[in-house]
Amino acid sequence: MKAPILSAVQWEQVAQHVETMKRPEHYRFLLLLIRKLGLRPMEIAGLERSWFRGMELRIPIGHSKGGSGRSLPVDEEILRGLAIHMGDRQGRVFLNREGYPFSAHQMSASIRRLMAEAGVQGSAYSGRRGMATRMVEQGASMRVLQKALGHRHLQTTMAYAEVSDTMLRNALFG
């Protein structure tokens, strides 16, 4: 089953819930990575501060799906979120309450639980699918989207982007 693409209202609902939590900076940064970069739970769980180099996130070989790696541009908002979340700490970006790294499964479950607590049905893949749809709406080619999502096959990428009402309207009426 495909993860639902969340509306702006639903994302705001999740963001408001985050502000009531014990570690809001942790969850704010997590949501930022999901929405803006479309990172997979396994990539988030393994994320190291040293992977951020200048205005780029370099996920090393072996730390993404299929054992691959990939590079993504980052913006000032992401770098600010990283600095606020981590302070001077180095190493793994996301640690659980006990200070241990998350597994990919734990990260995925944590994101689903966060959304459910906010009254929204969603997952990390809601962020990936939403990012994909938004990129296509903004005119990105499927090849650009393929690279952003880290897919080997274009067919996989095509399943992520939905045809939104905005896309249909623009195609029909310019």
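This is a predicted model: local features need pLDDT of at least 70, side-chain atom pairs count only at pLDDT 80 or more; totals for chains, interfaces and linings use all residues.
Is Glu19 buried, partly exposed or exposed? Glu19 counts as partly exposed, at 44% relative accessibility.

Glu19 takes part in a salt bridge with Arg28, in which N and O are 2.7 Å apart. Arg28 is likewise described as partly exposed, at 39% relative accessibility.

Let me turn to the helices. The axes of helix α1, residues 8-18, and helix α2 come within 9 Å and cross at roughly 155°. Because angles over 145 degrees count as roughly antiparallel, α1 and α2 are described in that way. On the α1 side, the contact is made by Trp11, Val14, Ala15 and Val18; on the α2 side, the residues include Pro24, Tyr27, Arg28 and Leu31.

Helix α2, residues 24-37, also holds His26. His26 is buried, with a relative accessible area of 2%. Beyond its neighbours within four places in sequence, His26 is in contact with His85, Phe94, Leu95 and Phe102.

I return now to the salt bridges, of which the whole structure has nine. One of them pairs Asp75 with Lys36, the closest N and O atoms being 2.3 Å apart. Asp75 lies in the loop between β3 and α4, and Lys36 in helix α2, so the pair ties together parts that are 39 residues apart in sequence. Another joins Glu48 and Arg92, at 3.3 Å from N to O. Here the parts tied together are 44 residues apart in sequence.

Finally, the surface. Val163, Leu168, Leu172 and Phe173 make a nonpolar patch of about 470 Å². Leu172, in helix α9, is exposed, with a relative accessible area of 56%.

Note on methods
Residues are numbered from 1 along each chain as its sequence is written. Side-chain values use heavy atoms; hydrogens and water are left out. Patches are made of residues with over 30% relative accessible area and no salt bridge: like charges are joined within 9 Å, nonpolar side chains (Val, Leu, Ile, Met, Phe, Trp, Tyr) within 5 Å. Accessible areas come from the Shrake-Rupley method with a 1.4 Å probe; for residues, only the protein chains shown count as cover. A salt bridge is a side-chain nitrogen of Lys or Arg within 4 Å of a carboxyl oxygen of Asp or Glu. Helices (H or I, at least four residues) and strands (E, at least two) are DSSP runs, numbered from the N terminus. Buried means under 20% relative accessible area, exposed over 50%, partly exposed in between (1.4 Å probe, protein chains only). Contact means heavy atoms within 4.5 Å. Axes are lines fitted to C-alpha atoms, for helices over the stretch in contact, and angles run from 0 to 180 degrees between N-to-C directions. Angles under 35 degrees count as roughly parallel, over 145 as roughly antiparallel, 65 to 115 as roughly perpendicular and the rest as oblique.
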